[in-house]
Amino acid sequence: MKNWVKIALIAVVFIAVGVVWFGLHEFNLKHPDTSKAKPDFVVTASTLQKEFEDNEAAASSKYINKIIEVRGTIASVTPADSTHINVSLKTGSDISAVICTFKATGDHLKFLTGEEITLRGECSGFLMDVLLNNCATVINQK
Amino acid sequence: MKGLLLFTFFLNIILAANAQKFMTKNGFISFYSHTPMEDIKADNNQVVGVLDISTGEMVFQALIKSFHFDRALMEEHFNENYMESDKVPKSVFKGKITNLASVDFTKNGTYNVTVEGDLTIHDVTNKISTKGTIEVISGGINANSKFNIVPEDYKIVIPGVVRDKFDKSLAVTVTMKYTPIANK
């Protein structure tokens, strides 16, 4: 076999392996680990909520799909489905909070109403509240 | 004095009206479809729901981006290709319990109900009617329902290669745990 044919064959094999590897990697890609990811924004719960309340369109394009580190006081802890828990953070508004969904692992039994926490999550947008998903605690103070 | 009495009078009406309304911000909606390759499943734990027990009116509102899949890529395709959630970020259901008389909200228990209303997904509104249950418990009301929707009814275009892989309709599960608004 001529040398250039061999080289071409090897190149084709490498490219094929690369494509399959990339495909599988993309297919199996998990959500980012927000406990380790660098946040795109660091804000307080009150500031975040106020930005959405004042101008939802602007806040949406700024925050949605971004990783946000939020600091605030826990207003309530509510079990959602069997595998998730929602932690609501106080804001300047009586009716609108920042709601953060966590995977329910043992850690979350530690969440206490009135406690101040810092967490990171991916912003999904605004309904009555600012909604964060895939959350992880950064520092669970106290 | 007269002003104060009037104020108290209205305050009482508001409180009485609120006692009829129940709410959750932690409602659960999921959908599921089986394919030979893998199951397609997404959960949303951030659904806002309001139930007025005096009229039987129900409203749900959910963000499309709050639906989560195990696979990040599937979630990306769902948002970008199918639901176009940047353009249409919310889904809404507005409806009513049609057999409200068969629910005794003063007595704990599980009651079968039929709910009819308008479901808006992907900016397309369709009338739906579904069966469910209302569970009256101490300090709250739980609502459960399971029904099927067909993506094409909501102008959600799924390419043939992908479309052939899963069932014609998606199974939707709704679970709401309401608490009285007055206590919030």
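Residues are numbered from 1 along each chain as its sequence is written, while chains are lettered from A and ligands numbered from 1 in the order in which they are written. Because the model is predicted, local features need pLDDT of at least 70 and side-chain atom pairs count only at pLDDT 80 or more, whereas totals for chains, interfaces and linings use all residues.

Chain B contains three helices and eight strands, arranged from the N terminus as α-β-β-β-α-β-β-β-β-α-β; helices (H or I, at least four residues) and strands (E, at least two) are DSSP runs, numbered from the N terminus. The eight strands close into an antiparallel barrel in the order E1-E2-E3-E4-E5-E6-E7-E8 (chain B). The twist from one strand to the next averages 25°, with axes being lines fitted to C-alpha atoms and angles running from 0 to 180 degrees between N-to-C directions. Two strands pair if DSSP finds at least two bridges between them, and E7 and E8 of chain B pair over nine bridges in the antiparallel sense. Within this pairing, Lys146(B) stands opposite Thr173(B) in E8(B).

| Strand | Residues |
|---|---|
| E7 of chain B | residues 140-149 |
| E8 of chain B | residues 170-180 |

In chain A, Val98(A) touches residues including Leu48(A), Val70(A), Leu89(A), Val130(A) and Leu132(A), not counting residues up to four places away in sequence; contact requires C-beta atoms, placed from the backbone, within 7 Å.

Notes:
Contact = placed C-beta atoms within 7 Å.
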